[in-house]
Amino acid sequence: MKPIGIIGVGEIGRAIVEGLHHGAAGSAEVFLSPRGARTAAELSERYEGVRVCADNQEVVDRSELVIIAVRRQDRHEALAGLKVDEDRIVVNVMAGVGNDELRRILATEATEATEATEATDVPLVRAIPLPAIRERRSVTVTCPSHPEVDSLFEQLGGALPVPDEDAFNVLSALTGTLTAHYTYLATLTSWAAGHGIAPDEADRYVRGLFQGIGRSLGDETRSLHQLAADHETPGGNNERIRTTWFDRANSEALKKALDGLLADLK
Ligand SMILES: NC(=O)C1=CN([C@@H]2O[C@H](COP(=O)(O)OP(=O)(O)OC[C@H]3O[C@@H](n4cnc5c(N)ncnc54)[C@H](OP(=O)(O)O)[C@@H]3O)[C@@H](O)[C@H]2O)C=CC1
């Protein structure tokens, strides 16, 4: 595997390093940026072949595949003065930062010009690695498809290359629904606790219910509508909650929130 560099060693940077070393694997050479110092130090102590660099330029110089995993608002500082040779492959995991914009920033930094007039030719690939990549359990959307990048994410749970950034942004918006889902489960738990169930028992029960749902999602022979129908007795409790709470207005409100997010991601 080519040496991998990671600029921005936070939640996602850490998950990638852990994923690379999950199970019996772990031969990758990994170079980490110094920011996120505590996590970087911990990872370099835990895994052979993981090293912390003196600065972001050293990460680029030592790696062939460079993953940029800083928060969007930190992109200019993180990329300041960076020179990325065209034989590198850059993986852009920053939500809401398109490849055109990243190319302009890199070109500007490389030429030290105040206005970017030309872009570098370095291959740029957007990707959406999720925290479950640490256990090689999540599929990573990539755009455009690139053999080296897709192969990396295939090893980390699967790659889903999409043809353009419009499609990429739609799938990116979907990933914005995950914490709402956890909060939905927490709301169920606190509702039960409010009705006298011990909080830890309510918590355990809700987790168990939805772990079962998670397992049933693995059955790809049944559509999501079919799975819903299979869990529902006509006129029963599930149908009642689905039709009285997850009604048309609720469903439209969710789609509207996703539309708003998608507009901001473009
Ligand atoms: N979390 C998620 O589930 C997903 C996140 N993403 C994207 O990944 C990116 C990172 O997210 P996440 O890991 O959650 O964020 P974190 O805040 O956990 O990590 C960002 C890291 O970047 C570091 N950093 C800040 N400035 C610089 C700099 N100048 N040079 C090098 N490193 C720097 C921070 O260091 P310090 O702590 O010192 O500030 C921090 O360790 C975001 O753009 C996000 O949109 C994409 C998919 C999923």
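Student: Which helix gives the most to the shell around the ligand, and with how many residues?

Tutor: That is α1, which contributes three residues to the shell, where helices (H or I, at least four residues) and strands (E, at least two) are DSSP runs numbered from the N terminus. Residues are numbered from 1 along each chain as its sequence is written. This is a predicted model, in which local features need pLDDT of at least 70 and side-chain atom pairs count only at pLDDT 80 or more, while totals for chains, interfaces and linings use all residues.

Student: What makes a residue part of the surroundings of the ligand, and which are the closest?

Tutor: A residue is near a molecule or strand if its C-beta atom, placed from the backbone, lies within 6 Å of it. For the ligand there are 25 surrounding residues, the closest being G8, G10, R35, G36 and A95. Both α1 (11-20) and α4 (75-79) supply at least two residues each of this shell.

Student: How is the shell divided by class?

Tutor: The shell holds 13 nonpolar, six polar and six charged residues, with Ala, Val, Leu, Ile, Met, Phe, Trp, Tyr, Cys and Pro counted as nonpolar, Asp, Glu, Lys and Arg as charged, and the others, Gly among them, as polar.

Student: Why is α8 called oblique to α9?

Tutor: Helix α8 (residues 178-194) and helix α9 (residues 199-217) pack at an angle of about 140°, with axes 9 Å apart, the axes being lines fitted to C-alpha atoms over the stretch in contact, and angles running from 0 to 180 degrees between N-to-C directions. Angles under 35 degrees count as roughly parallel, over 145 as roughly antiparallel, 65 to 115 as roughly perpendicular and the rest as oblique, and therefore α8 is oblique to α9. The contact, which requires C-beta atoms placed from the backbone within 7 Å, involves L185, L188, T189, A192 and A193 of α8 with P199, A202, D203, V206 and F210 of α9. These residues divide into eight nonpolar, one polar and one charged.

Student: Why is α7 given a label of this kind against α12?

Tutor: The axes of helix α7 (residues 165-175) and helix α12 (residues 248-265) come within 9 Å and cross at roughly 130°, and that angle makes α7 oblique to α12. Their contact is made by N169, V170, S172 and A173 of α7 and L258, L261, L262 and L265 of α12, comprising six nonpolar, two polar and no charged residues.

Note on methods
Contact = placed C-beta atoms within 7 Å.
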